[in-house]
Amino acid sequence: MKRNLLLMMLIASMTAMANVPLKIVRGEQDTVYRAKHNIVAVTEPGNIAKIEGEQVKVYKTGAFGKQVVLKPGENVIEIVVENGKKTARKKLQVFLSAAPASKPQSAELVAEKLAELQYFETTDGAYLQYGDGGDRLGGSKMGYLSPGIVLKAVESKGDLYKVELSQNRYAYISNEYLLPTSRAVKTLNTGSWSISNQGKYDRVSISLPDRLPYRSWTQLDPTTIYVEIFGAMNNSNWITQRGDLGMIEYVDWRQTDSDVLCAVIKLKSAYSWGYSVSYQDNNLVIDVKHTPGLKLNGLKVGLDAGHGGEYPGAKSAIGLTEKEINLDMVMRLKGLLEAEGAQVVLTRDDDSDISMSDRKKVFADAGVDIAISIHNNSGGSPFAEMGTSTYYKHISNRALASCMLGRLLELGVRNFGMTGNFNFSHNAPTEYPNVLLEVLFMSSLPEEELLADPEFRQSVAEKALLGLKDYLSKVAASEESADVR
Ligand SMILES: [Zn+2]
């Protein structure tokens with residue numbers, strides 16, 4: 001009899017457990033090295049959740065959690081969820097250990113002098129970086145280079161070559177973009193320049209006897225594009241402007257080192273709409289885009305939904321993926337833009353996996369006027385509101401990032417900040433203004449609750465639309481005041 005009762009109780013408690021879902025999402029490790037330990041779990045909305053006996057908030061998504069402070073050694077953390085008389089219970093056993101002894105430094109990557117100097121030619125996709133450092137987004141980019149440019153390697157370090165750009169300037173480049181060549185680089189004299197209006201852009205063409213490496217940047221106040229050509233000595237006695245120009249006010253040059261020539265391209269407008277630098281034969285060609293119509297009607301807008309396919313991006317406690325949230329926001333923004341007459345170019349419109357270089361190619365081939373990448377963030381405390389943020393690389397895109405952030409903050413979310421010189425792949429192109437939005441944090445429970453709400457996602461799209469309109473108005477106002485002067 002006693003035995004039967006026990007069995008019945010056991011069955012009853014198992015049934016109860018089966019009826020109240022409880023899934024641990026974070027905090028189930030055996031061994032940790034930090035006393036502050038985050039626990040995130042998911043049940044059904046409306047249930048009561050307790051961690052270590054203390055009731056915690058259950059979000060509308062069903063997610064809940066708490067930061068517990070572990071004592072050294074073994075810890076047992078009890079997690080209970082209740083729905084009326086039904087209960088589910090889990091005990092986590094977490095061992096707080098002293099920090100592991102740091103691993104002996106793996107054989108330091110000692111820069112080895114190459115036995116003899118070597119020459120390499122750049123291939124498609126090559127880019128220079130300033131130093132040999134890096135983070136998960138790679139080293140700080142100096143800029144992309146056309147194929148067929150000869151570089152002299154002076155050192156190798158891991159996958160990188162240190163290359164000599166001119167007698168005093170160096171950069172680093174990944175060996176995946178280099179092929180050995182028997183051609184050697186020399187310091188070269190520049191030939192004539194021509195400047196012409198090609199309809200949608202102005203073109204500066206500088207003739208050279210061979211392809212030389214270069215780097216470019218935009219400076220503000222007044223807005224000016226600089227292109228340094230390494231290994232070049234000025235011998236250009238003809239800088240000819242052919243006809244009226246749309247965007248360029250004038251072109252000038254400086255010899256900034258005995259073997260570095262800098263092209264100076266002053267713009268008429270305070271706002272640059274992008275430029276490209278490439279080679280046509282041995283002519284260095286700089287195409288500077290004209291200001292497009294400053295209305296959404298007719299504007300070609302590139303929208304990029306981060307991640308996709310096999311790459312879900314960040315995952316929330318209840319299992320929402322960043323790729324689906326990003327795409328949902330992009331599709332909503334697309335609808336709003338098209339309703340205003342804009343032409344929208346998407347890098348993906350389904351759950352497909354597309355590489356960064358293919359995404360950029362989509363925008364470049366379509367000739368977008370402006371581009372917005374949408375991602376959602378991850379990290380920090382799961383229990384805090386982390387906030388919204390925008391990102392740019394080139395200073396000329398700061399105003400766009402600022403307009404976007406201003407509108408996103410109207411959602412009543414925290415300000416996570418605006419980041420410049422950001423090394424994200426989609427912030428690198430100089431061909432069109434671009435910005436990255438990291439709307440909210442997938443990993444934050446209060447923000448997950450917002451992201452899970454379709455109405456909130458619609459509001460995000462509406463704010464992004466307003467941010468873009470603000471930017472166009474800002475440019476238009478600046479053009480008008482320039483006309484008055
Ligand atoms: Zn992402």
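Predicted model: local features only at pLDDT ≥ 70, side-chain atom pairs only at ≥ 80, totals over all residues.
Residues are numbered from 1 along each chain as its sequence is written.

The two strands belong to an open sheet of 5 strands with the order β22-β17-β18-β26-β25 and mixed pairing. Because β22 (239-242) and β25 (275-280) stand at the edges, each with a single partner strand, one side of each is left without a neighbour in the sheet. Neighbouring strands of this sheet are turned by 15° against each other on average, direction ignored; the axes behind such angles are lines fitted to C-alpha atoms, for helices over the stretch in contact, and angles run from 0 to 180 degrees between N-to-C directions.

Another open sheet is formed by 3 strands in the order β1-β3-β6, with antiparallel pairing. Here β1 (23-26) and β6 (63-69) are the edge strands, each with a single partner, so one side of each is left without a neighbour in the sheet. The twist in this sheet averages 30° from one strand to the next. Strand β3 (residues 36-42) is joined to β1 by 3 bridges, and the two run antiparallel; Lys 23 stands opposite Val 42 in β3.

The protein chain as a whole has 6 helices and 32 strands, counted as DSSP runs numbered from the N terminus (helices are H or I with at least four residues, strands are E with at least two). Its C-alpha atoms fill a box of roughly 110 × 60 × 35 Å, taken along the principal axes. Buried residues, meaning those with 20 or more other C-beta atoms within 10 Å of their own, where 12 or fewer means exposed, values in between mean partly exposed, and C-beta atoms are placed from the backbone, make up 36% of the 485 residues. Among contacts with a separation of 6 or more, 68% join residues 24 or more positions apart, a contact being two residues whose C-beta atoms, placed from the backbone, lie within 7 Å.

The domain bounds, which come from an automatic or database domain assignment, are as follows.

| Domain | Residues |
|---|---|
| domain 1 | 14-96 |
| domain 2 | 112-180 |
| domain 3 | 188-289 |
| domain 4 | 300-477 |

The centres of domain 2 and domain 3, taken over C-alpha atoms, are separated by 23 Å, and the contact takes 13 residues from domain 2 and 12 residues from domain 3. On the side of domain 2 that touches domain 3, β11 (141-144) and β13 (160-166) each supply at least two residues.

Helix α3 (residues 356-366) has the buried residues Arg 359, Lys 360 and Phe 363. They lie on the same side of α3 because they cover an arc of only 95° around the axis, the arc being that of the directions from the helix axis to the C-beta atoms. These buried residues pack against β27 (300-305), β28 (343-346) and β29 (370-377), whereas the face of α3 turned away from its buried side carries the exposed residues Ser 357, Asp 358 and Asp 365. After α3 comes Gly 367, whose phi is positive, near 65°.

Notes. Pairing = 2+ DSSP bridges.
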